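Here is a protein model to look at with some care.

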Amino acid sequence: MAARSVMVVEDNLINMKLLKVLLVKHHYEVMTAVDAEEALLLLENNQPELILMDLQLPGMDGLELTRRLKRDPKTQNIIILALTAYAMKGDEEKARTAGCDGYITKPFDTRLLPITIAEYLDKK
């Protein structure tokens, strides 16, 4: 069985490395982008099943990138999980309104994150 593919869009390199190691350990194929522009370039030739989307990105933020991806027929079916350290009241609603399929707060539980990802992928 082929590895399931996940894209991580995260500007914090420590978080990026942690997520990549964690996901590879759980047999995911992982591609990474440090900002929205890099993510859009990668998506021209790649179709991950799920994106872990940091909402606080330099330049275009994760909410705007999510809106763009959900409007585009080529990317609208990719599962997008918001990943953010800013868990203020109303933030989850903003993420879902932008098109995020789920919402995960940082710091995330390294034991639960792979299970959460698998649950979303299995629903697909």
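Q: What covers the buried residues of α1?
A: In this predicted model, the cover over the buried residues of α1 includes the strands β1 (4-9), β2 (28-33), β3 (50-54) and β4 (79-84), together with the helix α5 (113-123).

Q: Which residues of α1 are called buried, and what makes them so?
A: The word applies to a residue with under 20% relative accessible area, and in α1 the residues Asn 15, Met 16, Leu 19, Leu 22 and Leu 23 are buried.

Q: Why can the buried residues of α1 be said to line one face of the helix?
A: When one looks down the axis of α1, its buried residues fall within an arc of 140 degrees, and therefore they line one face. The face turned away from that buried side carries Leu 13, Ile 14, Lys 17, Val 21 and Lys 25, which are exposed, a word kept for residues over 50% relative accessible area.

Q: How do you know that the span of α1 is close to the expected one?
A: Helix α1 has 13 residues, and from its first C-alpha to its last it reaches 18 Å, which is close to the 18 Å expected at 1.5 Å a residue.

How values were computed
Residues are numbered from 1 along each chain as its sequence is written. This is a predicted model: local features need pLDDT of at least 70, side-chain atom pairs count only at pLDDT 80 or more; totals for chains, interfaces and linings use all residues. Side-chain values use heavy atoms; hydrogens and water are left out. Helices (H or I, at least four residues) and strands (E, at least two) are DSSP runs, numbered from the N terminus. The expected span of a helix is 1.5 Å times one less than its number of residues. Buried means under 20% relative accessible area, exposed over 50%, partly exposed in between (1.4 Å probe, protein chains only). The arc is that of the directions from the helix axis to the C-beta atoms. Contact means heavy atoms within 4.5 Å.
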